[in-house]
Amino acid sequence: MNCKEVNKNLIFYIEKELQAERELELQEHLKDCHDCNVLFLNLKETMAIVTKEKAAKPNPFLFTRIQEEISNLEKPRKVFLWKPNFIKILQPVTLSFFLLVGVIFGISMGNSIQYQTPEQSMVYQSDEFYLNDLQQETIESFLLTEE
Amino acid sequence: MSDSGLIDKIKRGDQQAFKLLFDKYHLRVFNTCMGFLHNKNDADDITQEVFIEVYKSINKFRADSKLSTWIYRIAVNKSLNFIRDNKRSKWLKSIETILTGAIRNDVEIKHGSGYDPEMILENKEKAEMLHKTIDSLPKNQKIAFTLNKYDDLSYKQISEVMDISLSSVESLIHRAKKNLQEKLLNYYKKN
């Protein structure tokens, strides 16, 4: 049996599903081939994880949880017949109201802005102070000439 | 008590009979869910849903199939639906893995891998790889393989649960194992 054949049958060897003759051939190959043996050990360990997972136990309070859930199902629920209709009407009404308020607020904001004529803005600009008000003497020249 | 006796009593609202049914089947249902979901908390939740469904639908059960077959079918369908509906983002899953990782590690530690951190990490990587590979199998191969490996169901029982022929089950499990082997060996060769 060559490596390719071994690689095709490893899982069936681990699961003990090979015929006795094939199993012996594979065993002989694993004794001599290090690479195949490493693959075999890895695969065997991985497949053993299933057994470990099967050992996991469910929550010990699972039945209590189920009982509680079932008793909740059996409880008669209070049904408010008016509630769905109320919500159906209230939702669009509230939405429309806030939309209307938003539009009115926008219009009133727009109207409150007063645009200035070009003359007004010229006057306003001439009153502005320049940030650098000491252009005659910079701080560098002042420090240099201090002595 | 026989399954038919249990069913009759549960139909009449006997809580004790429902408890007996739970005791009889809950481990098998939990293992089925674990096989599909690979997560203890999710498996607990789905097991709970399965038994609630059993309780709600017991009046519709017409005994065309065995009770165990019916319960397995519910467990498989609920698990597959959970996987389908589970659209949690990757980062949320990674947080969950960190939080629930301890539970999985507990299982690994308890069952023979010792306390070597390197070994635990290696086992965790292998478990993740195995889960990914099982999840990547075609649906029917995954169902047949999971029922066979996680629940130790015979090919005959699997054929009843899946409602297919015995030869189809044999073929599905054979192909599932071949696919698993191919994918896992490729992974080992790369690493």
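**Figure 1. The loop between α7 and α8 of chain B.** B:D152 is found in the loop that lies between α7 (139-150) and α8 (155-162) of chain B, shown here in a predicted model. Just after α7(B), the backbone at B:D152 takes a positive phi of about 55°, and this positive value occurs in a residue other than glycine. With 11 other C-beta atoms within 10 Å, B:D152 is exposed, because a residue counts as exposed if 12 or fewer such atoms lie within that distance of its own C-beta.

**Figure 2. Helix α7 of chain B and its surroundings.** α7(B) has 12 residues and reaches 16 Å from its first C-alpha to its last, which is close to the 16 Å expected at 1.5 Å a residue. The helix is mostly covered, with 10 of its 12 residues buried; these buried residues are B:Q141, B:K142, B:I143, B:A144, B:F145, B:T146, B:L147, B:N148, B:K149 and B:Y150. Their packing partners come from both chains, namely α3 of chain A together with α2, α4, α6 (117-135), α8 and α9 (166-190) of chain B.

**Figure 3. The largest nonpolar core.** The largest nonpolar core holds 51 residues, of which B:C33, B:I71 and B:A144 touch the most other members. Helix α2 (residues 15-37) of chain B gives the most to this core, contributing nine residues. Because domain 1 (1-87) and domain 2 (136-191) of chain B both give residues to this core, it lies between them. When neighbours within four places in sequence are left aside, B:C33 is in contact with B:A43, B:I46, B:T47, B:A75 and B:S79.

**Figure 4. Helix α4 of chain B.** Helix α4 (residues 67-85) of chain B has 19 residues, and the 27 Å from its first C-alpha to its last is close to the 27 Å expected at 1.5 Å a residue. The buried residues in α4(B) are B:W70, B:I71, B:Y72, B:A75, B:V76, B:K78 and B:S79. An α-helix has 3.6 residues a turn, so residues three or four places apart point the same way. The buried residues of α4(B) pack against α2, α3 (40-57), α7 and α8 of chain B, and two of the buried residues, B:A75 and B:S79, are also among the contacts of B:C33.

**Figure 5. Helix α9 of chain B beside chain A.** α9(B) has 25 residues and reaches 36 Å from its first C-alpha to its last, a span close to the 36 Å expected at 1.5 Å a residue. In this helix B:V169, B:L172, B:I173, B:A176, B:K177, B:L180, B:Q181 and B:L184 are buried. The buried residues of α9(B) pack against α1 and α3 of chain A, together with α6, α7 and α8 of chain B.

**Figure 6. The side of chain A that touches chain B.** Across the interface, 24 residues of chain A are in contact with 28 residues of chain B. On the chain A side, α1 (3-14), α3 (34-54) and α4 (62-74) each supply at least two residues, and the largest share, 10 residues, comes from α3(A). By class, the side of chain A that touches chain B has 14 nonpolar, four polar and six charged residues.

**Figure 7. The loop between α1 and α2 of chain A.** A:K16 lies in the loop between α1 and α2 (20-32) of chain A, where this residue has a positive phi of about 55° although it is not a glycine. A:K16 counts as exposed, with 7 C-beta neighbours inside 10 Å.

**Figure 8. The two chains as a setting for the close-ups.** Chain A has seven helices and zero strands, so that its elements run α-α-α-α-α-α-α from the N terminus on, and 11% of its 147 residues count as buried. Chain B has nine helices and zero strands, following the pattern α-α-α-α-α-α-α-α-α when read along the sequence, and buried residues make up 34% of its 191 residues. Among contacts in chain B between residues at least 6 apart in sequence, 59% join residues at least 24 apart.

Notes. Residues are numbered from 1 along each chain as its sequence is written. Chains are lettered from A and ligands numbered from 1 in the order in which they are written. This is a predicted model: local features need pLDDT of at least 70, side-chain atom pairs count only at pLDDT 80 or more; totals for chains, interfaces and linings use all residues. Helices (H or I, at least four residues) and strands (E, at least two) are DSSP runs, numbered from the N terminus. A residue is buried if 20 or more other C-beta atoms lie within 10 Å of its own, exposed if 12 or fewer, and partly exposed in between; C-beta atoms are placed from the backbone. Two residues are in contact if their C-beta atoms, placed from the backbone, lie within 7 Å. Ala, Val, Leu, Ile, Met, Phe, Trp, Tyr, Cys and Pro count as nonpolar, Asp, Glu, Lys and Arg as charged, and the others, Gly among them, as polar. A nonpolar core is a set of buried Ala, Val, Leu, Ile, Met, Phe, Trp, Tyr and Cys residues joined through C-beta atoms within 7 Å. Domain bounds come from an automatic or database domain assignment. The expected span of a helix is 1.5 Å times one less than its number of residues.
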